[in-house]
Amino acid sequence: LALCQTDAAVETLMAAHQGAEARHARPLLWTIARSLARALQANGRVERAQQALAEARQIIVELAATMDD
């Protein structure tokens, strides 16, 4: 049952990720990528989880660069 739940979570988060990318919703995208990384990790997809986490970190760096001091 737990594996089915993480599969569903991964699918939902991937769809949310695609939607956020299509809308250029960068502030939302990093949180989705972080959540996706957690779900992928729970699902045993470690390499893909690391990629999603790296994406989240990169988006945070990019967002921080746009902020005024």
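His17 counts as buried because its relative accessibility is 9%, where buried means under 20% relative accessible area, exposed over 50% and partly exposed in between (1.4 Å probe, protein chains only). Welcome to this predicted model, in which local features need pLDDT of at least 70, side-chain atom pairs count only at pLDDT 80 or more, and totals for chains, interfaces and linings use all residues. Residues are numbered from 1 along each chain as its sequence is written, and side-chain values use heavy atoms, with hydrogens and water left out.

Let us stay with His17 for a moment. Its side chain makes a polar contact with the side chain of Glu55 at 2.9 Å; a polar contact is a pair of N or O atoms within 3.5 Å, and within protein one must be able to donate a hydrogen and the other to accept it, while residues adjacent in sequence count only if both atoms are side-chain atoms. Leaving aside residues up to four places away in sequence, His17 touches Leu29, Ile32, Ala33 and Glu55, contact meaning heavy atoms within 4.5 Å.

Here is where two residues sit. Helices are DSSP runs (H or I, at least four residues), numbered from the N terminus.

Now to helix H2, which covers residues 26-42. Its buried residues include Leu29, Ile32 and Ala33, which His17 touches. Ala37 in H2 is buried too, and its C-alpha atom is separated by 15 Å from that of Ile60. Just after H2, Gly44 takes a positive phi of about 85 degrees.

How values were computed
Helices (H or I, at least four residues) and strands (E, at least two) are DSSP runs, numbered from the N terminus. The expected span of a helix is 1.5 Å times one less than its number of residues.
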